[in-house]
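The following exercises concern the structure displayed below.

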Amino acid sequence: MYLTVVVGESGADKFLWERPVIKAEGHISVNCEFAAVIAGKGAELEVRSALGVIVDESFRTKIPRGIQLITCGISPKNTVSVTSRTAGRLTLSLNRGIRTVSGICEPLEQPVDVPENADEFDVMAAFAARVLTGLRIS
């Protein structure tokens, strides 16, 4: 069973419809090789094992060697970025291959429908978690 752990201030869980989600505030320790971890604002993490840790491009906590760090932001240097915006739709880009539960997912672009007031980090983080855990992304 794969799950997503959302730590700190993040509404990414709203975009993870059919996936088990654990939400936590403050400090949390994660030791689950089947978890995609989303670090929202104010997240304090200790990660021993995980599929990957998904962070905003400004996140500065050290992640142990061997655990994938997936950055989300406006720069194409991030692992996930937004390539276009229209009313109610974002086109997200996975800018480099990442290791998922079913192998390597190569770079791709995916348009997604979103509420107009959706936080872009939350949408990008949920997209990354869905890719990591093998869910369809449309």
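**Exercise 1.** Identify the residue with which Asp113 forms a salt bridge, and state where the two partners lie.

*Solution.* The model is a predicted one. Step one: Asp113 forms its salt bridge with Arg89, and the closest N and O atoms are 2.9 Å apart. Step two: Asp113 belongs to strand 12 (residues 108-113) and Arg89 to strand 9, so the pair links distant parts of the chain, 24 residues apart. Step three: Asp113 has a relative accessible area of 57%, and because the cut-off for exposed is over 50%, it counts as exposed. Arg89, at 36% relative accessibility, counts as partly exposed.

**Exercise 2.** Determine how many salt bridges the structure holds, and describe the one formed by Glu120.

*Solution.* Step one: there are 4 salt bridges in the structure. Step two: the partner of Glu120 is Arg85, with the closest N and O atoms 2.5 Å apart. Step three: Glu120 is in helix 1 and Arg85 in strand 8, and this pair links distant parts of the chain, 35 residues apart. Step four: Glu120 is partly exposed, with a relative accessible area of 24%, and Arg85 is likewise partly exposed, at 49% relative accessibility.

**Exercise 3.** Explain which parts of the chain are tied together by Lys23 and Asp13.

*Solution.* Step one: the side chains of Lys23 and Asp13 meet in a salt bridge of 3.2 Å, N to O. Step two: Lys23 lies in strand 2 (residues 21-24), while Asp13 is in the loop between strand 1 (3-7) and strand 2, so the pair ties together parts that are 10 residues apart in sequence. Step three: Lys23 counts as partly exposed at 45% relative accessibility, and Asp13 counts as partly exposed at 25%.

**Exercise 4.** Describe the largest nonpolar core and the elements that supply it.

*Solution.* Step one: this core has 28 residues, and Ile38, Ile54, Val80 and Leu92 are those with the most contacts inside it. Step two: at least two residues of the core come from each of strand 4 (35-39), strand 7 (69-72), strand 8 (80-86), strand 9 (89-94) and helix 1 (120-132). Step three: helix 1 gives the largest share, 10 residues. Step four: another core, of 18 residues, lies apart from this one and has Ile28, Val30, Leu45 and Ile67 among its members. As a general matter, nonpolar side chains in soluble globular proteins tend to be buried together.

Beyond its neighbours within four places in sequence, Leu92 is in contact with several residues, including Leu108, Val112, Val123, Met124 and Phe127.

**Exercise 5.** Is Asn78 buried or exposed, and where is it found?

*Solution.* Step one: Asn78 is located in the loop between strand 7 and strand 8. Step two: its relative accessibility is 6%, and therefore Asn78 counts as buried, the cut-off being under 20%. Step three: leaving aside neighbours within four places in sequence, Asn78 is in contact with Glu57, Thr71, Cys72, Gly73, Asn95 and Arg96.

Note on methods:
Residues are numbered from 1 along each chain as its sequence is written. This is a predicted model: local features need pLDDT of at least 70, side-chain atom pairs count only at pLDDT 80 or more; totals for chains, interfaces and linings use all residues. Side-chain values use heavy atoms; hydrogens and water are left out. A nonpolar core is a set of buried Ala, Val, Leu, Ile, Met, Phe, Trp, Tyr and Cys residues joined through side-chain atoms within 4.5 Å. Buried means under 20% relative accessible area, exposed over 50%, partly exposed in between (1.4 Å probe, protein chains only). Helices (H or I, at least four residues) and strands (E, at least two) are DSSP runs, numbered from the N terminus. Contact means heavy atoms within 4.5 Å.
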